[in-house]
Amino acid sequence: MHTAILIWLRRTRSERLKLQKYFLIAIGGALGSVMRYLVGSMVANRMGTRFYYGTFVVNMTACLIVGFSLTLLERRAGINTAWLFLIAVGFVGAYSTFSTFEWEAFITLQTGAFLLTAAYIAISLLLGLVAVWLGVLLARLAV
């Protein structure tokens, strides 16, 4: 452990900041993936899995968090950019489930449930945009 600390201290400030960025992304990613599982499971257990409610709620809240955090970081110049790596890149990157959304739409489409697939895609995209817009509004109110 002592050797690792000495190696860390010998690095330049630029190197340490670069490593800090990856550490923040990793921490945010770990938290985001755990929250994705918890929120998705909780919602699915309460509402069922026919419409993939868990994935839907995770995607919508991720859109809200992205809209809010990126707008807040943009409007408040004094906020440390480390928050960008922790929240927007790390947390939301692991928490959001767009690839899972696509897979579930594909699987549902393969079963022949065309109307259900179309509804799932349309509602997710439309409400995702609304959630981003709401996040931007909330951030603007906070500033």
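I count two residues as in contact when heavy atoms lie within 4.5 Å. I start my notes with that rule.

**Ground rules.** I am working on a predicted model, where local features need pLDDT of at least 70, side-chain atom pairs count only at pLDDT 80 or more, and totals for chains, interfaces and linings use all residues. Residues are numbered from 1 along each chain as its sequence is written, and side-chain values use heavy atoms, with hydrogens and water left out.

**Entry: V92.** I looked up V92 and placed it in helix α4. Helices here are DSSP runs (H or I, at least four residues), numbered from the N terminus. Is V92 buried or exposed? V92 is buried, because its relative accessibility is 7%. My scale is this: buried means under 20% relative accessible area, exposed means over 50%, and partly exposed is in between (1.4 Å probe, protein chains only). I set aside neighbours within four places in sequence and listed the contacts of V92: A62, I65, V66 and I87. I also checked V92 against L127, which is 35 residues away along the chain. Their C-alpha atoms are separated by 17 Å.

**Entry: α2 against α4.** Two packed helices are described by the angle between their axes and the distance between the axes. For α2 and helix α4 (residues 82-95) I noted an angle of about 35° and axes 6 Å apart. The axes are lines fitted to C-alpha atoms, for helices over the stretch in contact, and angles run from 0 to 180 degrees between N-to-C directions. Which hand does the crossing of α2 and α4 have? The crossing is right-handed.

I then listed who meets whom. From α2, the residues include K21, L24, I25, G28, L31 and V39. From α4, they include A82, F85, L86, V89 and Y95. The residues of this contact divide into 13 nonpolar, five polar and two charged. In that count Ala, Val, Leu, Ile, Met, Phe, Trp, Tyr, Cys and Pro are nonpolar, Asp, Glu, Lys and Arg are charged, and the others, Gly among them, are polar.

Entry: L24 sits in helix α2. L24 counts as buried because its relative accessibility is 15%. Outside four places in sequence, L24 is in contact with A82, F85 and L86. K21 lies over the face of Y22, at 5.4 Å from the ring centre. The rule asks for NZ of Lys or CZ of Arg within 6 Å of the ring centre and within 35 degrees of the ring normal.

**Entry: aromatic rings.** How many aromatic pairs does the structure hold? I found eight. Rings of Phe, Tyr and Trp (its six-membered ring) pair if their centres lie within 6.5 Å; planes under 30 degrees apart are stacked, over 60 edge-to-face, and the rest tilted. Y52 and Y120 form a tilted pair, 5.7 Å centre to centre, with 50° between the planes. This pair links distant parts of the chain: Y52 is in the loop between α2 (13-47) and α3 (53-75), and Y120 is in helix α6 (residues 114-142), 68 residues apart. Y120 is buried because its relative accessible area is 3%. F98 and F101 also form a tilted pair, at 5.0 Å centre to centre and 40° between the planes. Both lie in helix α5 (residues 98-110), three residues apart, about one turn of the helix. F98 is partly exposed at 44% relative accessibility, whereas F101 is buried at 1%. One aromatic cluster is formed by F51, Y52, Y53, F56, F98, F101 and Y120. I also noted the backbone of Y52: its phi is positive, about 60°, although Y52 is not a glycine.

**Entry: N59.** N59 lies in helix α3. N59 is buried, with a relative accessible area of 6%. Not counting residues up to four places away in sequence, N59 touches S96, T97, F98 and F101.

**Entry: G128.** I found G128 in helix α6. Its relative accessible area is 5%, so G128 is buried. With residues up to four places away left out, G128 touches M60, C63 and I123. The C-alpha atoms of G128 and M60 are separated by 5.3 Å, though the two are 68 residues apart along the chain.

Notes:
Helix = DSSP H or I, 4+ residues; strand = E, 2+ residues; numbered from the N terminus. Left-handed = near helix turned anticlockwise from the far one by under 90°.
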